[in-house]
Amino acid sequence: MSLRDLTRSTPFRLTLRLTVIFAASMLVCFAVAFLLIRRYLDTELHNQVTQEIIAWQAASDADDLRDQLMQVTRTTPPQSELIALITDDGHRISNVPDFGPVDGFRIVSAREIGLGRHRLADSYLVTSAPVAGGRLILGRDRERVSEELGEIFIMMFLFVILPTLMLAGGLGLITAQAAR
């Protein structure tokens, strides 16, 4: 059967249309799932940052807090977490040089922080809160969210959508040849 005969075949055209409709509906479903999963992962990250802020706020002595934060900022790379303490007297303890307070929770890009991209993640979930002796600014990288979502949806495409579309197309081709 030639390509021209195949494209004129009603079973093949119906299969092709149904495959396109199925693919479009799957893409809509995956888009909704992507948004829901991203929101869930962002919520989890928000909860982690909140818990860490609460843990730092539990320290009642400003000098101990300052000493602990100095140690943490020396050992924590800014690619994974941004930490800054601006003390009441204006002194700054931080693992990044120019990182100021934010209101509430905010997603901050590497450009806004002012260091080169090679030293930072693409974006961070950042918040600030009062602690003993100053204001603590804390940010966690969001790369894990993007990486996990990317891996999940690539696997879903490779093991769900692609085989289903190939199976539907193949069965449509067989049906079109049998109808001849």
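**Salt bridges, cores and a surface patch**

Me: A polar contact of 3.0 Å joins the side chains of Arg142 and Asp42. What makes this pair a salt bridge?

Reply: First, a caution: this is a predicted model. Now the test. A salt bridge needs a side-chain nitrogen of Lys or Arg within 4 Å of a carboxyl oxygen of Asp or Glu. The N to O distance between Arg142 and Asp42 is 3.0 Å. The pair therefore meets the rule.

Me: Why is this pair said to tie together separate parts of the chain?

Reply: Look at where the partners sit. Asp42 lies in helix H2, while Arg142 is in the loop between S5 and H5, so the bridge links parts that are 100 residues apart in sequence.

Me: Why is Arg142 called buried?

Reply: Its relative accessibility is 15%. Buried means under 20%. So Arg142 counts as buried. Asp42 is buried too.

Me: What makes Glu52, Glu81 and Arg140 a network?

Reply: Arg140 is found in strand S5. Its side chain meets that of Glu52 in a salt bridge at 2.6 Å, N to O. Arg140 forms a salt bridge with Glu81 as well, with the closest N and O atoms 3.5 Å apart. Both distances fall within the 4 Å cut-off, so both pairs qualify. Arg140 takes part in both, and salt bridges link Glu52, Glu81 and Arg140 in a network.

Me: Which elements does Arg140 tie together through Glu81?

Reply: Arg140 lies in strand S5 and Glu81 in strand S1, so this pair joins parts that are 59 residues apart in sequence.

Me: How do you know whether Glu52 is buried or exposed?

Reply: Glu52 has a relative accessibility of 16%. The cut-off for buried is under 20%, so Glu52 is buried. Arg140 and Glu81 are both buried as well.

Me: Why is Met155 called partly exposed?

Reply: Met155 has a relative accessible area of 45%. Buried is under 20% and exposed is over 50%. The value 45% falls in between, so Met155 is partly exposed. Met155 lies in helix H5, residues 143–179.

Me: Which residues touch the most other members of the largest nonpolar core?

Reply: They are Ile53, Trp56, Leu65, Leu69, Val131 and Leu136, out of 13 residues in that core. Helix H2 gives the largest share, three residues. Val131 touches Trp56, Leu65, Leu85 and Leu136, among others. A second, separate core has 10 residues, including Leu82 and Tyr124.

Technical notes. Residues numbered from 1 in each chain as written. Predicted model: local features only at pLDDT ≥ 70, side-chain atom pairs only at ≥ 80, totals over all residues. Heavy atoms only, no water. Helix = DSSP H or I, 4+ residues; strand = E, 2+ residues; numbered from the N terminus. Buried < 20%, exposed > 50% of the residue type's maximum accessible area, 1.4 Å probe, protein only. Core = buried A, V, L, I, M, F, W, Y, C linked by side-chain atoms within 4.5 Å. Contact = heavy atoms within 4.5 Å. Polar contact = N/O pair within 3.5 Å; in protein donor to acceptor, adjacent residues only side chain to side chain. Lists of a residue's contacts leave out its neighbours within four places in sequence.
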